[in-house]
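Here are my notes on the model, jotted down as I went through it. Have the viewer open and follow along point by point.

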Amino acid sequence: MTEFYTVKETKLFYPGAQYPPQTEIRRLAKYERGRKIFEGRHAEIYDRASALLKDTPHAPQLKTLFIAVNIVDVLVTKPADLLVGEKPTYNSGKGPDSTEQSRLNSIVEENDLNQMIHETTVGGGYRGDSFVKVRYDYRDDFTETDQLELDRPPSKKEPIIETVDPSIVFPELARGSKKRFKAVNVAWVEWEIEQTRSIMSYIRGKVALNETPFLNVERHIPGYIVYERYKLIPNGVDTSEGVPIPLYIVGEKVETGREETVTATGTPHLNIDHIPHKTTDDHWAGISTVEKMESKLAAINDRLVQIDYILWKHSDPTAYGPDIDEGDERSVRFGGKYIPLEKDDVVPGYMTWNSQLDGAFKELELLLGLIYQMAETPQWLFGTTITSDSGGTGTSHTDGAAIKARFMPILKKVERIRTHVDRAVRNALWKAMLLENIANKGVPTFEPYDEVYPTIGWRDGIPRNEKEAAEVASIRTGAKPTWSVTDAIKDLDGVTDAEAEETIRRIDEDEKRVNGTVDGTIFNEEVVV
């Protein structure tokens with residue numbers, strides 16, 4: 001009796017599989033649409049307007065009059081500005097002189113963490129997802145140096161925290177879960193170009209080029225990273241989501257070119273973290289600010305095209321009057337058409353578009369208001385307003401409570417974004433310290449330290465009334481000090497513990513230089529003769 005077995009693959013990419021997987025097409029198309037809108041490349045919006053006017057006399061002017069309003073840029077950048085516009089503080093909880101705090105400060109500075117957070121927040125605003133990877137390696141790429149067989153300049157490995165393009169990240173969910181990952185694949189297409197020396201190339205006098213696509217896979221699983229490489233077979237383009245997504249069939253497995261195809265990380269965790277912009281409990285992928293307002297952004301651009309076309313048509317109206325000699329230079333000249341009339345001719349008339357133009361402006365104002373509302377961003381936050389009913393200018397309040405009340409919608413949005421960013425960044429910092437200790441275990445020149453899970457002191461980006469805050473603190477504590485000098489300098493100047501300690505040292509030196517080292521109380525003592 002012959003038995004048949006079905007071999008079930010436990011990973012995404014293997015010979016015969018599709019890249020990218022069919023289940024990821026919608027997510028990748030969303031990324032591409034969001035990126036085009038953020039960059040002001042409204043190709044799909046232009047197609048919508050051209051479809052509306054393709055059978056009308058206005059179609060030839062559409063391409064010239066098309067206007068793309070890149071309002072999304074400022075809407076997704078403002079939360080990032082409020083999140084890290086004022087530098088957050090990173091604390092180990094071990095004290096400013098501890099090795100843990102020193103290494104934490106070093107990792108933050110060397111990886112430009114605040115800039116990375118700003119960029120991922122902006123990117124997540126139009127994509128919905130961001131990913132951060134931690135590794136212990138050389139910061140610079142020595143591929144070309146090694147290929148030319150040159151000596152590497154002095155360098156050392158260090159903990160690196162970096163972003164990964166979400167369009168090449170493909171998580172695998174744990175069985176029965178919609179949020180937990182059992183593995184994360186970083187998979188990208190690489191094209192290799194080879195020169196072929198055939199007889200026809202010599203006859204034609206041209207060198208033929210052979211382009212072959214390969215799929216590089218970096219598969220992260222707890223404790224290990226597995227590297228794989230496959231040949232790819234082009235398999236058309238998927239346009240089902242309005243964006244062309246190239247498809248491939250995964251072919252045979254080939255050599256990776258690496259010394260090791262399996263690397264042990266030494267950690268029981270995945271060294272790649274997901275930062276969603278906004279989430280629900282039914283899927284791991286994030287929700288962007290842009291995807292909910294795509295149709296309204298298209299309508300805004302359509303209204304602007306319509307208004308611009310109407311104004312363009314009315315800027316050069318048709319005139320009428322007595323018959324004139326066009327060859328006479330003394331005659332009145334007009335830019336548009338001219339209708340000559342005799343004494344008894346009926347004056348021609350035409351319909352005006354004033355009411356339609358007013359309606360277009362009203363709809364445009366309504367659409368802009370909806371965009372700001374959906375983005376949870378007060379219009380006056382940008383220092384100016386567009387629509388007539390914009391909720392004021394935001395400058396009529398002076399106390400901190402009133403200002404925060406006015407900023408409430410955007411502050412709550414930033415707090416929501418911060419919950420995801422805070423978790424991922426703290427995870428990355430902890431893993432960076434863990435990898436550093438593992439990689440340098442047994443190295444005589446390395447001082448081991450405890451891997452601590454740090455805390456981040458975020459700021460809301462709203463100017464604070466310092467006098468009001470001090471008065472509240474004085475009332476609550478009975479006029480007792482509530483700040484150490486170190487904490488005060490850190491908060492006011494946005495510096496690290498080491499920088500604050502250096503500032504205090506300089507202050508103490510200034511006091512010694514001005515007042516001397518003698519305690520002033522000696523002049524109050526009685527002198528015995």
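1. Start with the largest pocket: 37 residues line it, and Arg-135, Asp-137, Glu-218, Tyr-227 and Arg-258 lie nearest its centre. Its volume comes to about 1700 Å³. Grid points are joined across faces, edges and corners, and a volume is the space filled by probe spheres set on the points.

2. A word on provenance. This is a predicted model, where local features need pLDDT of at least 70 and side-chain atom pairs count only at pLDDT 80 or more, while totals for chains, interfaces and linings use all residues. Numbering runs from 1 along each chain as its sequence is written, and side-chain values use heavy atoms, with hydrogens and water left out.

3. Which elements build the lining of the largest pocket? At least two residues each come from β3 (129–137), α7 (143–147), β6 (181–196), β7 (208–221), β8, β10 and α12 (408–439). β3 gives the largest share, with five residues. Helices (H or I, at least four residues) and strands (E, at least two) are DSSP runs numbered from the N terminus. By class, the lining holds 17 charged, 12 nonpolar and eight polar residues. The classes are: Ala, Val, Leu, Ile, Met, Phe, Trp, Tyr, Cys and Pro nonpolar; Asp, Glu, Lys and Arg charged; the others, Gly among them, polar.

4. Now the strands around it. β8 (residues 224–238) runs antiparallel to β10 and is joined to it by three bridges, with Ile-225 partnered by Thr-263 of β10. β8 also runs antiparallel to β9 (residues 245–253), this time over six bridges, and Tyr-230 has Lys-253 as its partner in β9. Strands pair when DSSP finds at least two bridges between them. Six residues separate β8 and β9 in their hairpin, and Gly-242 in the turn has a positive phi of about 85 degrees.

5. β3 has a partner too: it pairs with β4 in the antiparallel sense over seven bridges. Lys-133 stands opposite Glu-162 there. β4 (residues 158–164) is mostly covered, with five of its seven residues buried. Buried means under 20% relative accessible area, exposed over 50%, and partly exposed in between (1.4 Å probe, protein chains only).

6. Have a look at Asn-271, in the loop between β10 (262–264) and β11 (272–276). Is Asn-271 buried or exposed? Asn-271 counts as buried because its relative accessibility is 4%. Its side chain makes a polar contact with the side chain of Thr-267 at 3.4 Å. That term covers a pair of N or O atoms within 3.5 Å; within protein, one must be able to donate a hydrogen and the other to accept it, and residues adjacent in sequence count only if both atoms are side-chain atoms. Setting aside neighbours within four places in sequence, Asn-271 is in contact (heavy atoms within 4.5 Å) with Val-132, Lys-133, Val-134, Thr-265, Lys-431 and Leu-435.

7. The second largest pocket has a volume of about 800 Å³. Its lining takes in 30 residues, of which Thr-23, Glu-24, Pro-171, Leu-173 and Trp-284 lie nearest the centre. α1 (25–38) and β5 (169–173) each supply at least two of the lining residues.

8. A cavity is a set of points where a 1.4 Å probe fits but cannot get out. α6 (113–127) supplies the largest share of its lining, three residues. The lining has four nonpolar, five polar and no charged residues.

9. Finally, some backbone geometry to check. Most residues other than glycine have a negative phi, and most peptide bonds are trans. A cis peptide bond joins Tyr-19 and Pro-20, with omega about -10 degrees. Asp-112, not a glycine, has a positive phi of about 45 degrees; it counts as partly exposed because its relative accessibility is 46%. Glu-149, in the loop between α7 and β4, has a positive phi of about 55 degrees, and at 71% relative accessibility Glu-149 counts as exposed.

Key. 1 Å grid on protein atoms, 1.4 Å probe; cavity = no way out; pocket = protein on both sides within 12 Å on 5 of 7 lines; lining within 4 Å.
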